[in-house]
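Take a look at the model below.

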Amino acid sequence: MPRRALAAAVVALVLPLSACGSGGDDSGSTDASGKVEGDITFQTWNLRANFKPYFEGLVADFEKKYPGTNVKWVDQPAEGYADKISADAAGGTLPDVVNVSPDLVAPLAKAGLALDLDKAAAKYKKEYLPGAWASHEIPGMEGTYAFPWYLNTGPLFYNKSLFEEAGLDASKPPKTYDELFDDALELADKSDGKVATLANVPTIEDFGRYGVELMNKEGTAFAFNDAKGVELLTKYKELYDAKALDSQALTATPESSGKKFLTGAVAMNPGSALDLGNFKKQAPNLYKNIGITDQITSTGKVNMYVMGVMVNARTKQKPAAVAFAHFVTDAQNQMSFAKKVAIFPSTAGSLDDPYFTEEDGTDETRVRIAAASSLKNAVNYTPVLFSEQMKTELRNSVAKALQGKVSPKEALDNAVKACDRLLQQQG
């Protein structure tokens with residue numbers, strides 16, 4: 001992966017308050033018709049080091065297709081990317097076309113700096129997976145504010161031998177949270193608390209996949225402390241008390257969870273194609289008994305991480321900027337990029353390509369096919385307004401509930417209150 005932001009939650013961004021709240025397109029027009037010509041700047045996020053030839057080729061192809069255009073490609077480091085965008089937005093120096101994630105788009109859209117593509121580029125909407133197109137919508141605002149670009153998701157690995165030892169059918173791993181909770185309690189019971197099923201506490205994506213309404217429709221308040229949210233956290237508390245949730249889950253990192261899975265102390269763990277190679281080397285016995293299944297979900301849809309390409313609403317070259325943003329994210333160019341790195345295209349039909357459907361005997365392909373099949377109807381559960389600070393508030397509240405310091409209801413009420421306060425500060 002080009003950077004951790006693909007598989008992990010991305011940085012929070014708060015624009016200076018002076019830029020907040022104007023809403024919509026301040027340049028007065030979302031019209032992107034007209035001749036595609038002129039000079040534009042395209043900014044990516046930490047991609048030059050690994051993919052310089054790809055992007056130079058992309059720019060050359062576009063300039064050849066549209067004579068009279070000139071694209072200047074700039075790349076910013078991963079560190080401080082949100083701050084750079086914030087400074088450019090405040091200073092009026094935002095590039096014409098910008099690589100963003102949904103949470104980076106939200107304040108820009110609110111400040112009138114992100115072009116509404118439902119108005120300016122509606123003809124392209126059908127080219128993308130519905131869940132991907134919807135991922136750059138902003139609660140409380142009409143419109144979509146970036147073209148979806150590359151996606152990621154991860155399947156769930158499970159240890160078949162641990163399931164079998166507990167008398168469970170290893171060919172039928174849990175698919176929904178109810179099945180997961182039943183199996184986890186069984187595994188803990190049969191192993192006298194030595195085998196936990198999970199090593200991680202529930203995150204905002206878990207609440208989403210459980211079917212909890214995370215925010216109100218207006219985007220003015222969070223709602224994950226409803227009865228369904230409390231039900232999910234209550235179930236996790238049961239798991240924690242029964243040792244079906246690892247005792248160190250409160251402080252777990254992806255690395256520590258991975259180690260627990262490697263040693264057979266945990267029965268299920270999310271992962272990627274790279275993990276299979278590690279299992280082969282470090283835990284041949286686990287590798288021999290590895291199962292691959294979809295993420296647990298009670299909604300029928302898994303979670304996707306998505307990157308986007310936004311058009312600056314104040315660009316002087318709207319036809320060229322929209323045409324280039326579409327060009328970067330069209331099916332052919334996304335497919336080409338997906339074959340260079342472990343990501344997935346957001347364009348409709350691309351995931352049916354043999355590259356994502358046909359086994360070739362390698363572990364990498366095995367995981368790629370499992371992930372691709374689950375992405376077709378995936379959604380981005382993390383609310384675009386949910387910042388890193390909010391994730392910390394939720395995690396701390398969840399930890400208190402699991403430790404029995406507060407009730408699940410009280411924990412989620414506190415988390416929602418803290419997150420709503422942070423939301424008001426965003427402007």
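Leaving aside neighbours within four places in sequence, which residues is phenylalanine 55 in contact with? In this predicted model, the partners of phenylalanine 55 are Phe42, Thr44, Leu47, Trp73, Trp149 and Phe337.

The largest nonpolar core has 128 residues, and Phe55 and Phe224 have the most contacts inside it. Helix H13 gives the most to this core, with eight residues. In soluble globular proteins, nonpolar side chains tend to be buried together.

Now turn to H13 and its packing. Helix H1 spans residues 48-65, and helix H13 spans residues 318-328. Their axes lie 11 Å apart, at an angle of about 130°. H1 and H13 are therefore oblique to each other. The crossing is right-handed. H1 brings Leu58, Val59, Asp61, Phe62 and Lys65 to the contact. H13 brings Ala320, Ala323, Phe324, Phe327 and Val328. Eight of these residues are nonpolar, two are charged and none is polar.

A second pair joins helix H9, residues 227-241, to helix H17, residues 388-402. Here the angle is about 55° and the axes are 9 Å apart. H9 and H17 are therefore oblique to each other. Their crossing is right-handed. Leu233, Tyr236, Lys237, Tyr240 and Asp241 make the contact from H9. Val398, Ala401 and Leu402 make it from H17. By class, this contact of H9 with H17 has six nonpolar residues, two charged and no polar ones.

Methods
Residues are numbered from 1 along each chain as its sequence is written. This is a predicted model: local features need pLDDT of at least 70, side-chain atom pairs count only at pLDDT 80 or more; totals for chains, interfaces and linings use all residues. Side-chain values use heavy atoms; hydrogens and water are left out. Axes are lines fitted to C-alpha atoms, for helices over the stretch in contact, and angles run from 0 to 180 degrees between N-to-C directions. Helices (H or I, at least four residues) and strands (E, at least two) are DSSP runs, numbered from the N terminus. Angles under 35 degrees count as roughly parallel, over 145 as roughly antiparallel, 65 to 115 as roughly perpendicular and the rest as oblique. A crossing is left-handed if the near helix is turned anticlockwise from the far one by less than a right angle, and right-handed if clockwise. Contact means heavy atoms within 4.5 Å. Ala, Val, Leu, Ile, Met, Phe, Trp, Tyr, Cys and Pro count as nonpolar, Asp, Glu, Lys and Arg as charged, and the others, Gly among them, as polar. A nonpolar core is a set of buried Ala, Val, Leu, Ile, Met, Phe, Trp, Tyr and Cys residues joined through side-chain atoms within 4.5 Å. Buried means under 20% relative accessible area, exposed over 50%, partly exposed in between (1.4 Å probe, protein chains only).
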